[in-house]
Amino acid sequence: MREPPDTYWFVFHDGRLVLPLEGAAAFLAAQPPLRAAADALAHDLGELDGRPCVAYATDEAPDANRCVALTLREAYLRLERRFYDKAGFGAQLLHWDATTRYCGRCGGRAERRGPILKCCTVCGAEIYTHIAPAVIVLVRRGDEALLVRSHSFKGKHHGLVAGFLEPGETLEECVAREVREETALEIGNLRYFGSQPWPYPCGVMIGFTADYLAGEIRIQEEELASAAWFHRDALPELPMKLSLARRLLDAWLERG
Ligand SMILES: [Zn+2]
């Protein structure tokens, strides 16, 4: 009989992804490489190269001679995209698991019933993975793009207007509201661009393009440090390739 294939283990310690010190994109082994935390669940992440992928949390401090513990953003710089995507998937499931140990309705203990479902052992409430949708939009005005700097940005780059979807709102309404709130501008010709999971900690980014319609920039100072039009030939530092913001900008630049 054939041996079952080794597993890619996506191990997290204290919110950081633990990787082998050299080379490999994830621990590849028959058994978990670090001790699983007490009551930790193993989360199935599907397959890569025909090998099962599993995420779990460890309470064993990583041995610095053997491994390195990285934030997901740091891991992106080291990993092939498909490994980073699995790690992000694992991070989202672990975040869900860690924040739903007990029922939000009655306080009873929650038990896993499926890959993305827990049930309260007392009142039976269903607790699915929580995903927070956020929109992001590239607003164009001829050869210029509207770029902003949020107080929350780490680093020196400029980005795009973005924000979380609110209850009772369509995605289209959300984009128009965010642009209006953050910059006082009106937009039109809204078009869907694409989306991507955003495991920081449990989001999905939904990207749009739009055209400037009217208004003068007036920034929402609690949210933004700056907002301005930038010509395509004189862009400031842009977000890292990882982000949907950068994909939106790159697609715009490629169209010439
Ligand atoms: Zn309950």
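Is Cys123 buried, partly exposed or exposed? Select Cys123 and show its surface: with a relative accessible area of 35%, Cys123 is partly exposed, where buried means under 20% relative accessible area, exposed means over 50% and partly exposed lies in between, with a 1.4 Å probe and protein chains only.

Before going further, keep in mind that this is a predicted model, in which local features need pLDDT of at least 70 and side-chain atom pairs count only at pLDDT 80 or more, while totals for chains, interfaces and linings use all residues. Residues are numbered from 1 along each chain as its sequence is written, and side-chain values use heavy atoms, with hydrogens and water left out.

**Stop 1**

For comparison, the ideal angle for four tetrahedral donors is 109.5 degrees.

Cys106 sits in the loop between α2 (81–99) and β7 (110–114), and Cys123 in the loop between β8 (117–120) and β9 (126–128), so the pair ties together parts that are 17 residues apart in sequence. Helices (H or I, at least four residues) and strands (E, at least two) are DSSP runs, numbered from the N terminus. Cys106 is itself partly exposed, at 39% relative accessibility.

**Stop 2: the sheet of β7, β8 and β9**

Now select strands β7, β8 and β9, which form an open sheet in that order with antiparallel pairing; two strands pair if DSSP finds at least two bridges between them. Colour β7 and β9 separately, as these are the edge strands, each pairing on one side only. From one strand to the next the twist averages 35 degrees, with axes taken as lines fitted to C-alpha atoms and angles running from 0 to 180 degrees between N-to-C directions. Between β8 and β9 there are 3 bridges, in the antiparallel sense, and Leu117 has Tyr128 in β9 as its bridge partner.

**Stop 3: the domains and the core**

Zoom out and colour by domain: the assignment gives domain 1 (7–98), domain 2 (100–130) and domain 3 (132–254), with bounds that come from an automatic or database domain assignment. The centres of domain 2 and domain 3, taken over C-alpha atoms, are separated by 35 Å.

Next, show the side chains of Phe10, Leu17, Leu79, Phe83, Leu160 and Leu249, which touch the most other members among the 41 residues of the largest nonpolar core. Such a core is a set of buried Ala, Val, Leu, Ile, Met, Phe, Trp, Tyr and Cys residues joined through side-chain atoms within 4.5 Å. Helix α2 gives the most to this core, with 7 residues, and at least three residues come from each of domain 1 and domain 3.

**Stop 4: strand β11 and its partners**

Select residues 144–150, strand β11, which is mostly covered, since 6 of its 7 residues are buried. Strand β10 (residues 132–141) runs antiparallel to β11 and is joined to it by 2 bridges, with Arg141 opposite Glu144 in β11. In this hairpin, which has 2 residues between the strands, Gly142 takes a positive phi near 60 degrees. Strand β15 (residues 224–231) is also antiparallel to β11, with 7 bridges between them, and Leu147 stands opposite Ala228 in β15.

**Stop 5: backbone details**

Move to strands β4 (residues 43–48) and β5 (residues 51–57), an antiparallel pair joined by 4 bridges, where Glu47 stands opposite Pro52 in β5. Asp49, in the turn of their hairpin, has a positive phi of about 50 degrees, although Asp49 is not a glycine.

Asn189, in strand β13, is another residue other than glycine with a positive phi, near 55 degrees. Finish at Tyr200 and Pro201, which are joined by a cis peptide bond with omega of about 0 degrees; Pro201 lies in the loop between β13 (186–198) and β14 (203–214).
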